[in-house]
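Subject: Structure handover, pockets and cavities

Hello,

Here is the structure for you to look over. My notes on its pockets and cavities follow below it.

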Amino acid sequence: MSDLAAHYTRFRVADRLLLTGHSHQAWPDVALEGQIEAFDDAALEVDEKWGRAFAKADRLRAAYGELLGDPGGDIALGQNTHELVVRFLSAIDITGRPRLITTDGEFHTLRRQLGRLAEEFVRIVRVPAEPADTLAERLASEVDDRTAAVLVSGVLFETSRIVPGLGAVASACERHGAELLVDAYHALGVVPFDIDGLADAWIVGGGYKYLQLGEGNCFLRLPAHAQQTRPVITGWFAEFDALADERDPTLVAYGPGATRFAGSTYDPTSHYRAARVLDFFVEQDLTPARLREVSLHQRGVLASAFDDLGLADEVITRDRETPSGRFAGFLSLVSPRASEFQRALAERGVLTDSRGEHLRFGPAPYLRDDQLRSAIGALGEIAT
């Protein structure tokens with residue numbers, strides 16, 4: 001989709017080797033229009049701007065519902081996934097059921113927060129993330145009546161492996177009265193999300209990565225039974241829809257649906273930017289199916305170019321056993337020198353990133369095939 005680059009002139013994607021698409025994709029030029037609109041609405045309406053801002057938030061909620069295969073779903077918004085995960089944790093019974101199950105391959109939001117909770121009063125069971133094909137089965141086997149929740153990614157952030165069979169975890173959680181939270185951040189915008197079997201799951205994610213929405217655009221999809229929850233970590237926007245009601249000073253009130261997981265006053269600029277980018281995706285026919293098609297092609301180009309280098313496995317290698325369709329949006333290369341290679345590539349103008357022994361090349365739909373091959377070619381120059 002080389003013609004797409006013409007819409008990203010401010011990020012200069014045609015002239016730069018930006019291979020951090022799994023972390024921060026470039027924003028289309030129209031994103032700036034959204035930010036200017038936010039300023040203009042504030043200047044025009046001052047404190048009455050919130051009606052316009054809430055309309056942008058509703059646009060974002062609707063888009064996330066569609067992407068999750070849950071149109072009209074109950075979606076809470078947040079500036080980042082951490083604040084939403086903390087509200088989720090504060091709404092479940094981690095005192096009566098002080099056992100949380102997760103994997104050793106989770107993103108930092110879960111890894112750090114759950115690790116700190118484990119230092120105090122919660123037992124954390126960490127199931128090995130690999131092999132990914134059996135992860136769901138192994139998670140399900142750990143769920144018992146002491147378990148408050150299972151927290152797992154739909155795509156593993158180090159390896160790009162899609163985790164199949166999460167419906168089995170949902171079934172185990174239902175049998176034991178536990179909750180399931182699925183992190184879809186590394187899936188949305190690159191792997192069509194299938195909510196089949198996950199109707200009772202909480203789903204968290206955001207648009208900072210593949211959706212090109214920038215910061216401040218995260219979400220928590222609520223299952224139907226969330227209507228009975230009362231998160232302990234709560235902001236005054238959680239009662240925004242009930243402010244006119246007669247209040248009992250001894251009881252903290254909550255609004256309906258996802259409102260109960262709202263925070264407090266926030267900067268709505270990110271939602272204006274997101275709404276404009278979402279419109280751009282529609283205009284360019286960047287549907288989940290189309291984005292998946294592009295991603296599989298680009299990852300294939302990267303993998304083929306890497307194999308052509310003929311580098312020794314002990315220097316750097318990749319998973320060649322797993323079919324390409326079981327990976328999400330980036331190519332993960334394994335090397336004890338991953339961080340060294342990442343820095344050396346950056347010096348040559350190739351932006352990638354590394355996590356431990358994983359060197360990650362993340363393409364994006366506005367990059368040309370020759371740009372992808374050039375990036376891998378630079379790796380060949382420093383790894384020989």
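This is a predicted model: local features need pLDDT of at least 70, side-chain atom pairs count only at pLDDT 80 or more; totals for chains, interfaces and linings use all residues.

What volume does the largest pocket have? It has a volume of about 510 Å³. The lining of this pocket counts 25 residues, and Phe54, Arg61, Phe237, Ala262 and Tyr266 are the closest to its centre.

Residues are numbered from 1 along each chain as its sequence is written, and side-chain values use heavy atoms, with hydrogens and water left out.

Now the terms. Rolling a probe the size of a water molecule over the atoms shows where empty space is left. The search runs on a 1 Å grid over the protein atoms alone. A cavity is a set of points where a 1.4 Å probe fits but cannot get out. A pocket is an open set with protein on both sides within 12 Å along at least five of seven lines. Lining residues have an atom within 4 Å of a point. Points are joined across faces, edges and corners, and a volume is the space filled by probe spheres set on them.

Back to the largest pocket. Helix H2 (50-67), strand S2 (74-78) and helix H3 (81-91) each supply at least two lining residues (helices are DSSP runs of H or I, at least four residues; strands are runs of E, at least two; both are numbered from the N terminus). S2 gives the largest share, five residues.

The second largest pocket has a volume of about 300 Å³. It is lined by 16 residues. Ile162, Val163, Leu166, Phe193 and Asp194 lie nearest its centre.

There are also two cavities of 30 Å³ or more. The largest cavity holds about 90 Å³ of space. Its lining includes Gln25, Tyr210, Gln298 and Pro365. The second largest cavity holds about 30 Å³. Among its lining residues are Leu67, Leu188, Phe193 and Pro288. Gly189 and Val190 line the largest cavity, and Gly189 and Val190 also line the second largest cavity.

Phe330 is buried, with a relative accessible area of 0% (buried means under 20%, exposed over 50%, partly exposed in between, with a 1.4 Å probe and protein chains only). Phe330 and Ala303 are 27 residues apart in sequence and 9.9 Å apart in space, C-alpha to C-alpha.

Best wishes
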